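I opened this notebook to keep track of what I looked up, entry by entry.

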Amino acid sequence: MEPMKRTMTMLELATFTYIIASGGAFGMEPAVQAGGPLLTMICIFVSPWVWCFPVGLVTAELSTALPTNGGYVIFAHRGMGSFAAFQNGW
């Protein structure tokens, strides 16, 4: 069995980070009304990096420490037991 090829370009990473962190257009109208369009656009482009960059670093660190398939479920199982792994995987 060949190992999986894992490559991601910077554009794909940036797009993935934005989509995961922004969650769509929910709350856009109240945000623009409350803070104005400039502040809303700044928050839209900064918040994914504030949220996803540390999560990516943690995932990279844990993936290096525990090189098995399963991701967060394995991390939770090793750190907090079966119930936490089940909750994390659900």
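Entry 1, terms and numbering. I call a residue buried under 20% relative accessible area, exposed over 50%, and partly exposed in between, with a 1.4 Å probe and protein chains only. The model is predicted, so I took local features only at pLDDT of at least 70 and side-chain atom pairs only at pLDDT 80 or more, while totals for chains, interfaces and linings use all residues. Residues are numbered from 1 along each chain as its sequence is written, and side-chain values use heavy atoms, with hydrogens and water left out.

I counted helices and strands as DSSP runs (helices H or I, at least four residues; strands E, at least two), numbered from the N terminus. The protein chain has 4 helices and 0 strands, in the order α-α-α-α from the N terminus on. Its radius of gyration is 17 Å, well over the 12 Å that the globule rule gives for 90 residues, so the chain is more spread out than a compact globule. That radius is taken over C-alpha atoms, and the rule is 2.2 Å times the number of residues to the power 0.38. The C-alpha trace spans about 50 × 35 × 20 Å along its principal axes.

I searched a 1 Å grid over the protein atoms alone; a pocket is an open set of points with protein on both sides within 12 Å along at least five of seven lines, and lining residues have an atom within 4 Å of a point. The largest pocket holds about 500 Å³ of space. I found 15 residues in its lining, with Leu13, Phe16, Cys52, Val55 and Gly56 nearest the centre. Helices α1 (10-22), α2 (28-65) and α3 (72-80) each supply at least two lining residues, and α2 gives the most, with 7. By class the lining has 11 nonpolar, 4 polar and no charged residues. Here Ala, Val, Leu, Ile, Met, Phe, Trp, Tyr, Cys and Pro are nonpolar, Asp, Glu, Lys and Arg are charged, and the others, Gly among them, are polar.

I paired rings of Phe, Tyr and Trp (its six-membered ring) if their centres lie within 6.5 Å; planes under 30 degrees apart are stacked, over 60 edge-to-face, and the rest tilted. The count is 2 aromatic pairs. Tyr72 and Phe75 form an edge-to-face pair, 5.8 Å centre to centre with 80 degrees between the planes. Both lie in helix α3, 3 residues apart, about one turn of the helix. Tyr72 is partly exposed at 37%, whereas Phe75 is buried at 12%. Phe86 and Trp90 have ring centres 5.7 Å apart and planes at 40 degrees, so this pair is tilted. Phe86 is partly exposed at 47%, and Trp90 is exposed at 79%.

Thr7 and Val55 are 48 residues apart in sequence and 19 Å apart in space, C-alpha to C-alpha. Glu2 and Phe16 are 14 residues apart along the chain, with 26 Å between their C-alpha atoms.

Methods:
On a 1 Å grid over the protein atoms alone, a cavity is a set of points where a 1.4 Å probe fits but cannot get out, and a pocket is an open set with protein on both sides within 12 Å along at least five of seven lines; lining residues have an atom within 4 Å of a point. Grid points are joined across faces, edges and corners, and a volume is the space filled by probe spheres set on the points.
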